[in-house]
Amino acid sequence: MNLTNTQFVFEGKTKRVLIGGMVLGVVCLALSALNDDEYHTRFWTNFLHNSVYFTAVAFMAIFFLAAQITAFAGWMTVIKRIWESMGQFMLVGLILMGIVAIGVWGHLHHLYHWNDPNLNITDPEASHFDRIIAGKSGFLNPVFFTIATVGFLGIWYFWAYKMRRNSIAQDTHETASLDYYKKERKWAASFLPIGGFLSAVFFWQAMMSVDPHWYSTMFSWYSTASAWLGSLSMTVMLIIYLKSRGYLEYVTHDHLHDVGKFLFGISVFWTYLWFDQFMLIWYANNGEETIYFKERMEHYPVLFWGNLLMNFVVPFLILMRNDNKRKFGTMFFVALIVFFGHWWDYFYMIKPGARTAAIEAKELAEAGQHKTGQSTTTDTGITTVLSTAAGEQADAGHAQEPAAAGEQAKEQPDATHAAEQPAGEAPHGATPSEDAVAHPPAEHGGEAGHGASHGEEPGSFKLGFTIPGLEEIGVMIGFLSLFLFFFFSQLQRASLVPMKDPYLEESLHHETGAMIESEGGGHAHH
Amino acid sequence: MAAESKKVLYGLYNDEEDLKGAVKTANAAHLNIMDVFTPFPVHGLDPILGLKESRLHILGFIYGACGATFGFLAMTWIFTSDWPIVFGGKPFWSVPAFIPITFEMTVLFAAWGMTITFYTVCGMWPGVKAKTLDNRITDDKFCIAFDVTGAPDSDVKNLQGFFTNTGASEVNVKMM
C-alpha cells in the first residue's frame, strides 16, 4: 500500500493565523466585558457559551468514534485520526469549564440564578425563598456543578486519551497482533455508557440550570444532538481543508458521502428533538415550562427561527440529494452553516436565560435595598403562581380556563409591544407597580413584559443577547482558533493513517455504491 | 406486454469481482449485454454497466410533497370548518399539533407512491409469472445474460468464447 503524505505538518503560517484569531477572541471578550452590565453577563455568557459548545464538539467527536469502533465500522478508519485529535480538545475544555466553576464558587458571575450569593434562595425563612430552586438544591449547588462539569470532563478526557494512545501504539506495534487495537475497542465500548449518561448531567448543569425553574426531559438529547452536528460539520470542513492542503488523498467522495449522510440524518434527528421538546411543552401548557418558549418566540424571534432555518431547512433541502453530499464545495458550504447554526443554537439556549437571571438578580438586589416590605412581593408572587397552578389543577376539565388563557396569550404580544421601549429610557428605580407582584417576571409564568419599572426590560433588543453582536462573532473566531490550534498540534503527533488498524483496507476501498454520472463513473479515485 | 419468446444466452460466475471484470471486458469488446443478475447489490456495477441513476427518488420527493400538502390541508379543513373542537384550549388552527400528522402523511404518500410506481415500472403485480433465468442467481451465482434471439451461430460462439475467457463457471441457453 502506497499512501503518501501521511504526516501532517502544522505550518508556521497556519499557526500565525490561528494565533491571530485567538488574539481577536481575547480582544472581543475584553470588549464584551467593558460594555456590560454590573454582573458582566455578556462576558460570562460568551465565555460559557463558547466553552460548552467547543468542548461538546470535542466530546461528540470521541463519542461518535467510540460508537463507530464498537459497531465494527470500517469505513471511517481513514478519518479516525481527525476524531481522535478533535477529542483531545477536552483537555482545554477542562480548563475552560474550570474557570466557569471557579466563577460559581467565587460568585464571579451571575449565570446561574440558583447560585445567587445574596438571596438565600433555599432558606425557607429568608425573604427570597424559592421553593422550586430549593427543591433542586441537592443538584443545583457548587459542589455538584463542579463534579458534573469539570469532574465529568476529566473522566471523558481520560477515556479520549486512552483511546488515542492505544490507537497510536498499534501503529508502531512490532508484531502482527492487534493487542492495542483490542484495548482501544474496550475503551471505546466502555465510553459509550459513560459518555452517554454523564453528558446528560453535564448539559443540565452547564446550560439547563441557566433557567433553573424550567426543565425539559428532552434537553440533554437536544443539546447532545446539537453538539454532534457541530462535530460532524467540523469533520467535513477539516477533511476538505486537509485535502486542499494535499493530505488525505485516499479520503474519497465516498467517505465524504457517508459523513454527509450522518450530517443529514442527525440534522433531521435534531429537528425531531427540537420539535418534540417544543410540542410537548406547547401542548401541556404548564406555565413554568411554556414561559421558556413564549419568551424566546416573542423576544428572540431571530434566534428562534434562525435556529430552525440554519439547522433544519438548509441541511435538509441541500443534503437531500445524493450528489450534493459528494461535492466538496456544497458540503463545505452546508457544514459551515450547520456549524455556525449549532453555535447559534447554544447561544439560544444560554443567552436569554442568563440575561433574565441577571435582570432578576438586579431587581431583587434593588428591592432588598429599598425595604423589606417591597422585597416580600417576590415571595408573594411565587406563592400566587403556585396557588394558581394548584387551583387550575383542581379546576381540571374546565374548558373555559385554558381557552381564556389562550386568548390572553393572543393578546399578549400587543401588550408587550406597548410596554416595549428602549432599555435606556425605561424609568429607573420607579416604585414597583402592582404588576411587579408577579415578578420575577420571566421565570414564574408572569408576563414577560412587566419588569418595565426597573432598568432593563427583558424583552427589549440588546445586542449580544437578542442576536449575536460583532464581539460574539469575534469570540467565536477566537475559540475556533483555539480549537483548531490544539487540534492541529495533536494531529501532527501521529500519522494521519492508522497504518495497522485492521479496518484500514476496508476503509481504503470504501464505496457507498452511489452512482454519480458527473463524477465520470464515480470511481476515479481508486 | 405480449408474450414473445426470447432466446437468452447466459453465463454464471462464482464471484462478483469476476463478474465486474467480465462486464468491463464485454464493454471493451462492444458486446451488448441484455442484463446482469446478482444475489445482492454489487457496489460499482451500475456505472460500468452504464445504467442511469434511477429517477424514482424524484417521484418520491413529489409524492412526499403531495402527502405533506394533503395532510396539512386536510387537518386545516377538518379542524377549522368541518368539525372544530377545542383541544386543551388551543386555537382551532394549531399548527404544531398538525406537524406529526403532516409528517406521517408525507411518509405514507412517499412510501406507497414509490412502491406502486416501482412495481408498475417493473411490470410486477399480483399473479404475474416470474421469469427467472436460473434459480441460483438469487443465491450464490452472478449472471450475465445476452439476448441471442435470431443471432447467427458465429455470434453465439463468440459469446460463448467470451464467457470461457472471463472465467464463467457455466454457460447455458434458455428460452423465455
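Which helix of chain B is B:W77 found in? Keep that in mind while you open the model, which is predicted.

**Stop 1: B:W77**

Select B:W77. The residue belongs to helix α3 of chain B, residues 56–82.

**Stop 2: all of chain B**

Helices number 5 here, and strands number 4. Follow the chain from the N terminus and the order is β-α-β-α-α-α-β-α-β. Chain B is more spread out than a compact globule, because its radius of gyration is 25 Å, well over the 16 Å that the globule rule gives for 176 residues. Turn the view along the principal axes. The C-alpha atoms fill a box of roughly 80 × 35 × 25 Å. Colour by burial next: 16% of the 176 residues count as buried. Then look at contacts with a separation of 6 or more. In chain B, 79% of them join residues 24 or more positions apart.

**Stop 3: the two domains of chain B**

Colour residues 7–52 and 129–175 together; these form domain 1. How far apart do the C-alpha centres of the two domains lie? The separation is 45 Å.

**Stop 4: strand β1 of chain B**

Select residues 7–13 of chain B, which make up strand β1. Of its 7 residues, 5 are buried, so the strand is largely enclosed by the rest of the structure. Which strands pair with β1(B)? Show β4(B), residues 170–175, as one partner. The two run antiparallel and are joined by 6 bridges. For one example, select B:Y10 and its bridge partner B:N172 in β4(B). Then show β3(B), residues 142–147. This pairing with β1(B) is also antiparallel, over 6 bridges. Here, pick B:L12 and find its bridge partner, B:C143.

**Stop 5: all of chain A**

Switch to chain A. Its count is 16 helices and 0 strands. Colour by burial again: buried residues make up 46% of the 526 residues. For contacts with a separation of 6 or more, residues 24 or more positions apart account for 80%.

**Stop 6: helix α15 of chain A**

Select residues 470–491 of chain A for helix α15. At 1.5 Å a residue, its 22 residues should span 32 Å. The end C-alpha atoms are 31 Å apart, which agrees. Of the 22 residues, 16 are buried, so α15(A) is largely enclosed by the rest of the structure.

**Stop 7: A:P212**

Finish at A:P212. Look in the loop between α7 (179–206) and α8 (219–244) of chain A. Is A:P212 buried or exposed? The residue has 22 other C-beta atoms within 10 Å, and the cut-off for buried is 20 or more, so A:P212 is buried. Which residues does A:P212 contact, leaving aside its neighbours within four places in sequence? Select A:Y112, A:H113, A:W114, A:I133, A:K136 and A:L140. Keep A:I133 for a last distance. A:I133 and A:P212 are 79 residues apart in sequence, yet their C-alpha atoms are 6.7 Å apart in space.

Note on methods. Residues numbered from 1 in each chain as written. Chains lettered and ligands numbered in written order. Predicted model: local features only at pLDDT ≥ 70, side-chain atom pairs only at ≥ 80, totals over all residues. Rg over C-alpha atoms; globule rule 2.2 N^0.38 Å. Buried ≥ 20, exposed ≤ 12 C-beta atoms within 10 Å, placed from the backbone. Contact = placed C-beta atoms within 7 Å. Domains from an automatic or database assignment. Expected span 1.5 Å × (residues − 1). Pairing = 2+ DSSP bridges.
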